[in-house]
Every structure is written in C-alpha cells, then in structure tokens.
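Here's a quick briefing to read with the model open beside you. We'll go from the whole pair of chains down to a single residue.

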Protein chains: 2
Amino acid sequence: MLAISQRGIEMPASPIRKLVPYAEAAKKKGIKVYHLNIGQPDIETPKAILDAVRNSDFKVLEYSHSAGNESYRRKLVDYYKSVGITVNHQQIIVTTGGSEAIQFGFMACLDPGDEVIIPEPFYANYNGFAVAAGVKVVPITSRIENGFALPPIADFEARITPRTKAIVICNPNNPTGYLYSREEMEQLKELILKHQLYLFSDEAYREFCYSGEQVSAMHLTGVDEHVVIMDTISKRYSACGGRIGAFVTKNQQVLDAVMKFAQARLSPPSFAQIAGEAAIDLPADYFDTAKAEYRSRRDLIVKRLNAMEGVFCPNPGGAFYAMAKLPIDDADQFCQWLLEDFSYENQTVMLAPATGFYGTPGLGKQEVRLAYVLNLSDIDKAMDCLEAAIRQYPGKK
Amino acid sequence: MLAISQRGIEMPASPIRKLVPYAEAAKKKGIKVYHLNIGQPDIETPKAILDAVRNSDFKVLEYSHSAGNESYRRKLVDYYKSVGITVNHQQIIVTTGGSEAIQFGFMACLDPGDEVIIPEPFYANYNGFAVAAGVKVVPITSRIENGFALPPIADFEARITPRTKAIVICNPNNPTGYLYSREEMEQLKELILKHQLYLFSDEAYREFCYSGEQVSAMHLTGVDEHVVIMDTISKRYSACGGRIGAFVTKNQQVLDAVMKFAQARLSPPSFAQIAGEAAIDLPADYFDTAKAEYRSRRDLIVKRLNAMEGVFCPNPGGAFYAMAKLPIDDADQFCQWLLEDFSYENQTVMLAPATGFYGTPGLGKQEVRLAYVLNLSDIDKAMDCLEAAIRQYPGKK
C-alpha cells in the first residue's frame with residue numbers, strides 16, 4: 001500500500017508558516033502586513049561577504065570537503081577564539097545551516113526512543129528534527145513571569161529517565177530572548193555531569209546580547225566531552241539564505257560519527273562558505289552596529305507592548321525576539337484574526353502564536369512571539385496596529 | 001552514559017573516501033595521482049550560471065521559500081518539459097543537493113524497519129540515508145556479465161515482504177553506467193503496480209546517455225502516485241558544490257509530508273538557486289558538448305580497459321562511470337596498493353573498490369569503479385598506470 005510514513009504523519013507543520021495563506025489573502029485585499037512572525041532580519045548582509053562570493057573566480061563549482069573547506073574551518077578557529085572558545089579546525093564540521101547541525105547531533109548521539117529535555121517554549125523546529133530522528137522531546141516549562149529564566153534544576157531532575165541522553169538549550173533564546181546567566185549555565189553543567197548527558201547548545205544569536213555577555217556552553221570547564229555547539233551564520237551576518245552553520249565539539253567520538261553523516265550528504269554549500277570565510281574578516285565593530293540597532297528595536301517594542309492595557313512583555317536579554325502575554329483567549333485565533341478580519345489604517349501585523357513553541361499542550365494560548373526584525377518606524381506602526389487590535393478583538397479576556 | 005547512537009555506529013564510512021589518507025601520503029612522496037575515484041567532473045561549470053550568481057545584486061541573503069524560489073520552480077517546469085516530463089511547479093520541491101531529495105523520500109515514505117529494494121551495485125550513500133532513516137536496504141544483484149542490466153523481476157518478487165515499501169533505481173546508473181531500457185522500465189512499472197510500491201528514481205545523470213535516450217520513471221503512465229524523482233544539478237551542470245537538487249512527484253500526500261521536512265530545515269541554499277535558475281536558459285546545445293566529451297572519454301577508457309589482459313569492462317550506456325573486473329584477489333587491497341606501494345613513471349591512479357557499492361557481503365572483490373571525470377590525456381596516462389599495475393600486483397589472480 002502506498003502510504004506516508006508514521007513519522008511523515010507525526011512531523012509537525014511549521015507553526016510559524018501556517019498563517020501564511022491568511023497573510024497572502026490580506027495582501028491581496030491591499031492591506032500592508034508587518035511581518036514580526038519570522039526571524040528573517042531586514043538588516044543588510046555585509047557587502048564585503050556578498051562581494052567575496054561575487055568576486056570569486058573559480059571555474060568549477062566543486063564539492064568541498066565534507067567537513068567544509070579547511071581554509072574556512074581554520075578561520076572559524078579565530079572567530080571562536082574571539083568569543084572565548086578554544087577549538088581546533090578538526091573540532092568544527094561546517095553544516096548546511098544550523099538546522100543540519102541540530103540534525104547531526106540528534107542522529108549521531110540519540111537513538112529512536114531516546115529523550116531530550118528542552119526548556120519550553122523552544123524553537124519549534126527542534127520538534128521536527130526530533131520526529132525525524134525518532135527522539136522524544138521532554139519539555140520543561142519556563143515562565144513568562146520571570147522572563148523565561150532557566151526552570152529549577154529539580155524540574156529537570158524529575159524528568160530524567162534512563163532514556164534521557166541530552167539537554168538542548170538555545171542561548172540567547174529563540175523564542176524568548178532570554179540570556180542564560182553564568183549561574184544557570186553552571187547549574188546545567190552540574191546536571192549533565194551528574195547524569196552523564198550531552199548539552200546541545202544552539203548559539204545562533206551569540207552576538208546579540210543586551211544584558212551582559214553570553215556564557216557559551218564551551219566556556220564551561222570540565223565538560224568537554226558533553227558539550228556540542230550548534231551554530232550558524234544566518235542571524236550573525238544576516239545571511240539566512242547561505243545555509244551555512246557549524247557543529248562544534250571536542251568529543252572525538254561524536255565528531256567521528258557526525259563525519260559519517262556529513263560524508264553521506266557530500267558537502268555543505270560552496271558559495272556561502274566563501275561568504276562565511278569572508279565574514280571572519282569583518283571589522284571588529286561590525287557587531288556593535290548590528291547590536292545597537294537590535295537593542296533600539298528591543299527597547300521600542302518592549303516599551304510599546306508594556307504600555308498596552310493588559311499586556312506583559314519581559315525585557316529580553318538577547319536574540320531578536322520578544323514574548324508577550326496578551327489579554328486574549330487564544331493566540332492562534334488572534335493571529336489569524338489579525339490577518340483575516342482586522343486592519344488599522346489599512347495595515348496589520350503578523351505574529352507567531354506561542355502555542356507552537358510549547359511542547360506541553362494547552363500552554364502559550366495567551367502568548368505571542370514578536371521578532372523585531374523590522375526597522376524602528378515599521379515596529380512603531382506594527383505596534384499601533386497591535387494596540388488597536390487588542391482593543392477590538394472579540395475574544396478579549 | 002555519553003555514547004554514540006546505534007545508528008551513529010552503524011552509519012557506514014564513505015567507501016570512496018576511506019582511501020584518501022593513502023592518496024595524500026602518495027602525493028607527499030611526490031607521486032602524481034589520477035583521481036578516477038570520485039564523481040567530481042573536471043568540466044567547467046557553465047560561465048553563464050556562475051555569472052548569474054556573481055552579477056546578483058540583492059542586499060539581504062534571505063531564506064528562500066522552503067520549497068525553493070517559485071521563479072526557479074517555474075523554470076524547472078520548462079526544463080522537465082524539455083525532457084518529456086510534465087509537472088507543475090507545486091510538484092517540485094527544491095532540495096539541498098540530490099542527497100536531501102533521497103533523505104526526504106526515505107523519511108516521508110518509509111518507517112524504521114521498512115525495506116527498500118535496490119539493484120546492486122548501487123550508489124553507496126543510499127546505505128547512509130537508509131541507516132539515518134532506520135530503513136533496511138535489500139540488495140538484488142545485477143551482474144557485470146550482462147553489463148549490469150536490471151536483474152530478473154522474479155528476483156525482486158522473491159525479496160518482497162510486507163515491509164517492502166519502495167524500489168530505488170539510479171538511471172543511468174552510478175556506479176555501473178547502465179541505462180535502463182524502455183522494456184526494463186515497463187517491467188518495473190508492472191512490479192510497483194502489482195505490489196503497490198514507490199519507485200524512487202535517482203536521475204542525476206539524465207542527460208549523459210550514449211546508447212539511446214533515458215526513459216525517465218516519469219515517462220511511465222498510470223503510476224503517477226508511485227513515482228518520485230530524486231534529481232540534482234550537480235552533474236548536469238558540473239555544479240556539485242551548489243548543493244541544489246529537486247524532489248519531484250505527482251503524489252500530493254507525499255508532497256505534503258515532504259514539505260513538513262523541508263520547512264523544518266527552512267530553505268535550500270539561495271546562491272546556488274540563482275545558478276540553477278540560470279542553467280535553464282543555457283543554449284540547447286549545452287549538453288551536446290558535455291555529452292560528446294564524456295562519450296569520447298567513455299570510448300577511450302572502455303577500449304583501454306578491455307585491451308588489458310584479464311580485464312573486462314562492459315560498455316556503459318550512460319552517466320560517467322565504468323565498472324571493470326580486474327584479475328586481482330581483492331579490490332580494496334589493490335586500490336590501497338596502487339596508492340601505497342605502486343607508481344609508474346612517478347604516477348598512479350586512484351580507483352573506487354566496488355565492494356562498497358554492493359550490499360551483499362563478499363561481492364565486488366574483483367571489481368572497481370572508474371569515474372571518467374578527467375580529460376582524455378589524463379585518462380590515457382591513468383590507464384598506462386593501471387595496465388602496469390595489474391602486471392606488477394602481487395595479488396594477481
């Protein structure tokens with residue numbers, strides 16, 4: 001019988017993209033839609049890194065090494081050194097986006113039926129990669145009231161079973177923007193040592209921290225065998241379409257296993273590796289500019305949100321996301337209503353309902369994620385829309 | 001306990017790349033190594049498609065649609081039409097290389113424990129994708145004596161179980177170069193209809209056929225729901241590093257399932273989609289030139305091989321590979337010996353032992369795969385080396 005696989009059935013549809021048809025319909029009606037729903041920054045990709053690709057002069061677009069070009073990996077060593085992480089180029093496997101780094105970790109370290117613990121709300125695609133790998137995601141709830149700080153370690157302990165193999169964190173966090181403190185990272189370290197777990201640390205937003213420096217999982221000492229960094233140039237250099245990331249660990253056994261998966265898919269994309277390599281030579285103040293821009297946006301969006309009646313938005317310490325609790329009955333309905341039935345001065349705003357970021361059913365129904373990836377003026381207008389929408393929404397609570 | 005997953009252990013190391021350290025050692029000794037071991041063509045990537053990337057003028061390297069740029073998919077409709085395949089752009093999902101198209105098919109259509117039947121010898125990475133998906137590969141032996149023609153359908157019937165979900169073919173074939181006939185394709189059609197199986201058809205080498213036109217799986221009638229094409233621009237335009245392929249089917253249920261996997265990894269690489277789109281506009285005679293070049297190489301390598309004592313090489317009908325039976329005891333030993341202990345006029349040749357392409361243990365021990373990806377002069381010199389090597393090899397049979 002021709003059928004879809006069970007995992008094909010279980011594979012979650014993207015919670016962010018499911019509203020797209022409604023946005024398209026709104027645009028067809030002539031309504032301007034402010035997209036705060038996805039993490040696609042409007043910040044220009046540094047010209048120098050696009051130029052590196054445009055000025056390339058090779059004749060054959062060849063496969064690269066399965067682990068990525070050695071020249072690029074050697075430059076990445078410098079990059080990591082600049083953020084306090086000491087690795088050599090053989091401890092870096094260049095991946096097709098951060099997505100593939102996560103997939104590699106799940107595939108090489110976890111078997112079907114194994115469990116990973118992830119503080120929720122979490123990046124929704126972890127669910128997809130878990131389904132693909134047959135791995136069970138065990139969510140531990142973090143709470144908007146304390147800005148989505150790390151849940152108590154006792155909550156982790158309570159969920160650890162013989163099948164638990166890893167903890168996944170995203171730091172600073174997508175979708176919450178939370179930046180884990182040194183103390184929290186040290187707590188995680190004790191936990192993974194005690195229970196012999198992997199710590200998969202998604203550090204896509206490393207540079208975008210506003211309340212202090214990021215404490216990388218690789219800044220922790222004595223857990224070299226445990227820590228894997230899943231990395232990407234997508235957000236760092238506004239280069240999402242390059243599809244270049246990195247899998248970084250000092251665990252040789254894990255590297256050896258991941259290399260076999262990397263060889264099977266031959267190589268990461270060649271063009272964008274050129275861009276990634278050029279990015280390491282950007283002036284040291286590159287991130288200052290980008291970070292200052294994101295910080296202004298954060299300040300504006302958080303201020304606007306908290307000024308709305310019944311709205312609470314904790315101040316995110318990093319990344320470019322804010323989570324807000326709204327006085328509404330159902331975030332999915334509300335986000336759809338914003339696109340389908342609402343407009344303010346012929347404009348509306350597209351948000352991501354938080355339900356898709358929770359593993360526990362029923363959570364996040366009053367929360368939305370806002371990606372502050374638009375310029376200040378657009379954010380202001382989008383907030384005007386949201387403010388008016390909350391007043392008008394029939395499902396107000 | 002920190003451990004590698006069972007599938008990480010089972011994941012096969014690339015049989016093609018395991019000899020690389022010996023090749024590197026030979027080069028360090030000053031020996032010139034002719035690489036006939038991998039399918040990395042030396043043919044220049046068409047300048048027009050590299051220029052399309054180099055002349056691009058976007059400001060932000062954005063995610064594309066998860067299914068690939070619509071403009072590219074619409075142009076691919078034209079491309080497929082030109083090879084007698086009628087599909088619309090919604091039946092095409094642009095993938096990160098042909099590799100990802102294969103992975104998507106395995107993941108969306110097959111569950112752990114399901115079986116796929118593949119004529120052996122076969123492209124070794126099917127093994128890797130099968131391990132990642134928990135799928136069992138059931139090989140059916142094709143034989144060098146008849147040029148690796150499709151094995152008798154009775155052999156397939158004998159291996160079909162309730163867990164059999166798909167048949168995988170590569171046409172024209174890597175590693176054998178065999179081009180399936182219309183009659184063989186019709187036999188496969190009857191088989192998949194009778195047993196309600198998917199037919200996954202890897203058509204990476206579609207344009208490179210020397211003994212007639214390729215019969216695509218999508219040329220078969222009445223099996224629209226069964227057929228999936230796994231495609232790539234890698235070989236077609238000598239653009240292996242682009243990592244752009246395509247997953248093509250008219251089965252809507254499969255498309256819907258695959259889209260969920262595609263959304264989880266966000267998008268295929270943006271730069272090379274520009275190249276892929278430009279490739280559709282290459283002059284109609286582009287393939288004539290490339291094909292004529294490959295045909296001359298095939299003619300030379302087959303002639304040289306068959307002129308060697310004790311060597312048999314069937315004339316491949318397509319792709320750019322030839323399989324040869326050599327008068328040797330062990331192809332793995334021989335290929336290593338070529339690099340480690342042999343040189344002829346300070347040169348040697350790197351080949352792929354055929355053992356890695358067989359699923360049945362013990363098969364292929366006297367066979368090697370030769371990728372005719374070098375120019376005529378280099379192929380000639382490589383054959384001089386091989387001829388001398390066979391005379392000298394201590395494990396001659």
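**Before you dig in**

- This is a predicted model, where local features need pLDDT of at least 70 and side-chain atom pairs count only at pLDDT 80 or more, while totals for chains, interfaces and linings use all residues.
- Residues are numbered from 1 along each chain as its sequence is written, and chains are lettered from A and ligands numbered from 1 in the order in which they are written.

**Where the chains meet**

- Chain B puts 63 residues into the contact, and chain A puts in 63 residues too (two residues are in contact if their C-beta atoms, placed from the backbone, lie within 7 Å).
- On the side of chain B that touches chain A, the elements giving two or more residues include helix H3 (47-54), helix H9 (252-264) and helix H10 (270-279) of chain B; helices (H or I, at least four residues) and strands (E, at least two) are DSSP runs, numbered from the N terminus.
- H9(B) gives the most to that side, with seven residues.
- That side of chain B divides into 29 nonpolar, 22 polar and 12 charged residues (Ala, Val, Leu, Ile, Met, Phe, Trp, Tyr, Cys and Pro count as nonpolar, Asp, Glu, Lys and Arg as charged, and the others, Gly among them, as polar).
- The copies meet through the same surface, because 100% of the interface residues of chain B are also interface residues in chain A.

**H4 and H10 in chain A**

- Helix H4 (residues 70-82) and helix H10 (residues 270-279) of chain A have axes that come within 9 Å and cross at roughly 30°; axes are lines fitted to C-alpha atoms, for helices over the stretch in contact, and angles run from 0 to 180 degrees between N-to-C directions.
- H4(A) and H10(A) are therefore roughly parallel to each other (angles under 35 degrees count as roughly parallel, over 145 as roughly antiparallel, 65 to 115 as roughly perpendicular and the rest as oblique).
- From H4(A), Ser71(A), Tyr72(A) and Lys75(A) meet Gln273(A), Gly276(A) and Glu277(A) of H10(A).
- Sort the residues of this H4(A) and H10(A) contact and you get one nonpolar, three polar and two charged.

**H11 and H13 in chain B**

- Helix H11 (residues 286-306) and helix H13 (residues 376-392) of chain B pack at about 15°, with their axes 10 Å apart.
- That makes H11(B) roughly parallel to H13(B).
- Ser296(B), Arg297(B), Leu300(B), Ile301(B) and Arg304(B) in H11(B) meet Leu376(B), Ile379(B), Asp380(B) and Met383(B) in H13(B).
- The contact of H11(B) with H13(B) has five nonpolar, one polar and three charged residues.

**Zooming in on Thr164(B)**

- You'll find Thr164(B) in strand S5 (residues 164-170) of chain B.
- Thr164(B) counts as partly exposed because it has 19 C-beta neighbours inside 10 Å (a residue is buried if 20 or more other C-beta atoms lie within 10 Å of its own, exposed if 12 or fewer, and partly exposed in between, with C-beta atoms placed from the backbone).
- Not counting residues up to four places away in sequence, Thr164(B) touches Glu115(B), Ile117(B), His195(B) and Leu197(B).
- Thr164(B) and Gln196(B) are 32 residues apart in sequence, yet 9.5 Å apart in space, C-alpha to C-alpha.
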